[in-house]
Amino acid sequence: MAEFHFKTPLTEADARKVSVGDSVYLDGIVFGVRDANLIRVFDQHVAPPVDWQGAALLHTAPNVRKVGPGKYESICVGTTTSMRVDRFTEALLRDHGVRAILGKGGLSPRSTELMQQYGACYLSVTGGAAAMETLQIEEIEAVFWEDLMPESIFQFRVKDFGPWTVGIDAKGRNLQDEVQLAAKAKMGELLAKMGVT
Amino acid sequence: MEVPPTFYDLVETTCRDLYIQSLKEIPPDVVAAIKRAAERATREVERRIFSHYLKSIALGQEQNMMVCQDTGIPIYWVDIGGKLRLDGSKLDAAIVRGTERATREHPLRSSIVSPITRENRQTSTGERIPIIHYHFVPDSDVLDILFMPKGSGSENMSFMKMLVPADGVNGIKRFVLEQVVGAGAKPCPPTIVGVGIGGSSDLCMTLAKKATTRPLGTLNPDPQLAALETELCEAINQTGIGPQGLGGDTTALGVHIESAWTHITCNPVAVNLQCWRAERRRAKISAEGKVEVGF
Ligand code: SF4
């Protein structure tokens with residue numbers, strides 16, 4: 001399995017280069033997004049306050065401390081379940097040019113197809129290991145939509161952010177899905193071992 | 001034994017400290033289980049994930065950092081010694097104040113909102129939150145508070161079913177295995193699989209949640225249930241789901257069952273998953289105001 005170091009903004013070639021299981025480190029800008037702010041963008045049709053062309057988006061809702069007007073320090077930045085915002089993948093890739101989605105738990109088969117079509121990847125950030133993640137965030141450069149706190153849009157500057165595991169590549173593979181399907185296929189055998197038929 | 005008037009202030013600051021510290025120090029039984037699983041891991045991705053878990057555990061311990069960002073739903077299990085004479089309503093209010101102070105003073109992200117308006121008071125409290133379970137312990141003069149900041153990734157993986165008696169224990173085995181496989185990566189595996197068996201629907205789910213608070217390495221005192229715990233744990237660990245659902249040999253750190261008797265027509269089963277960080281923290285407060293902290 002290969003290791004990649006990318007700078008943001010990402011190119012389509014970057015996103016198409018990686019394969020499931022590889023590890024990726026990012027340098028540059030990562031935007032924190034999640035339920036409430038994506039609902040505002042896509043369901044309430046409010047244009048995002050930032051340009052997401054080539055962007056890496058992280059599913060998060062950090063613990064922060066306000067240190068000045070619009071200025072925040074991170075206390076703990078971690079990753080949240082991606083599936084809750086799965087339905088926004090298409091618009092993010094097609095209309096906004098997002099190249100990497102970072103989160104935990106994976107995305108749907110539909111999102112996998114879209115990543116292949118548009119050239120994007122899903123990086124599985126290690127859920128629960130927020131302490132490690134937090135130290136890789138150099139600064140919260142900006143916070144948009146403070147009224148949604150903690151579900152604001154965050155602009156993080158990161159350094160050696162990773163190593164995160166490629167969960168979905170642009171070749172149509174989805175590691176978490178494959179693992180779950182294999183487990184489902186094995187269930188009959190495991191039940192039989194426990195005497196359940 | 002009558003508690004002094006300062007007792008409630010002590011409960012308040014103790015609950016504040018429980019909330020904050022529970023997010024930073026992973027219980028020793030959980031750390032040991034993660035270490036064992038990391039040593040067993042053979043695949044590259046699996047080893048990578050466990051190394052991230054161990055790094056974050058160490059940062060929590062050594063640099064007093066929050067291990068995971070989710071401040072969770074605050075849940076307290078309060079065992080009141082039968083010999084204590086105290087005002088229950090003041091006790092209740094003190095626990096709520098402690099929760100709010102943790103949120104404000106640390107500060108912690110408030111994860112609690114109205115289910116309809118989604119309003120967040122930024123206090124980690126709201127209607128019926130924190131959740132407080134009271135029990136009474138005969139012959140004790142101690143107030144025993146067990147706190148858990150229940151993470152939502154695993155809490156969202158909660159399932160219950162009113163099986164019928166004809167489904168038997170086999171129905172229970174099937175249900176548990178199906179839910180763990182269905183949850184896949186979402187609850188941040190390897191998890192502690194809490195299973196409630198019996199009772200009414202509401203009690204059954206409470207038992208499943210309570211089961212996740214039991215330290216790893218302990219078995220249900222009933223030998224039949226203990227055997228069921230072991231059997232289910234082995235089966236779950238052969239599913240190959242692994243840490244973060246990316247594949248591996250450890251999917252559950254343990255399966256814990258708690259049970260209650262039920263109605264002749266009922267066979268309820270509930271599953272409540274607890275993520276790998278499995279945070280919990282305990283304080284025992286004596287009537288004289290001595291506080292002993294543990295897990
Ligand atoms: S499921 Fe648990 S460990 Fe994972 S991010 Fe949520 S609270 Fe943290």
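These notebook entries record what I looked up in a predicted model with chains A and B and a ligand.

**Conventions.** I number residues from 1 along each chain as its sequence is written, and chains are lettered from A and ligands numbered from 1 in the order in which they are written. As the model is predicted, local features need pLDDT of at least 70 and side-chain atom pairs count only at pLDDT 80 or more, while totals for chains, interfaces and linings use all residues; side-chain values use heavy atoms, with hydrogens and water left out.

**Entry 1: chain A against chain B.** I looked up the contacts (heavy atoms within 4.5 Å) and found 51 residues of chain A touching 47 residues of chain B. The two chains bury about 4000 Å² between them, 62% of it on carbon and sulfur atoms; buried area is the accessible area (1.4 Å probe) that two parts lose on being put together, summed over both. A:Asn63, A:Met132 and A:Met194 supply 14% of the area that chain A buries here, more than any other three residues.

I then looked for salt bridges (a side-chain nitrogen of Lys or Arg within 4 Å of a carboxyl oxygen of Asp or Glu); between chain A and chain B the count is zero.

**Entry 2: the ligand.** Where does the ligand lie? I found the ligand between chains A and B. The residues around it (a heavy atom within 4 Å) include A:Thr79, A:Lys104 and A:Gly128 from chain A, and B:Cys68, B:Asp70 and B:Arg277 from chain B. I recorded the shell as four nonpolar, five polar and three charged residues.

**Entry 3: the domains of chain B.** Chain B is divided into domain 1 (6-23 + 68-150 + 279-294) and domain 2 (153-274), with bounds from an automatic or database domain assignment. Their C-alpha centres lie 26 Å apart. I found nine residues of domain 1 in contact with 12 residues of domain 2.

These domains bury about 890 Å² between them, 61% of it on carbon and sulfur atoms. In domain 1, B:Trp77, B:Lys150 and B:Arg280 lose the most area to domain 2, together 60% of what that side buries.

Which residue forms a salt bridge with B:Lys150? I found B:Glu155, with the closest N and O atoms 2.8 Å apart.

Note on methods:
Ala, Val, Leu, Ile, Met, Phe, Trp, Tyr, Cys and Pro count as nonpolar, Asp, Glu, Lys and Arg as charged, and the others, Gly among them, as polar.
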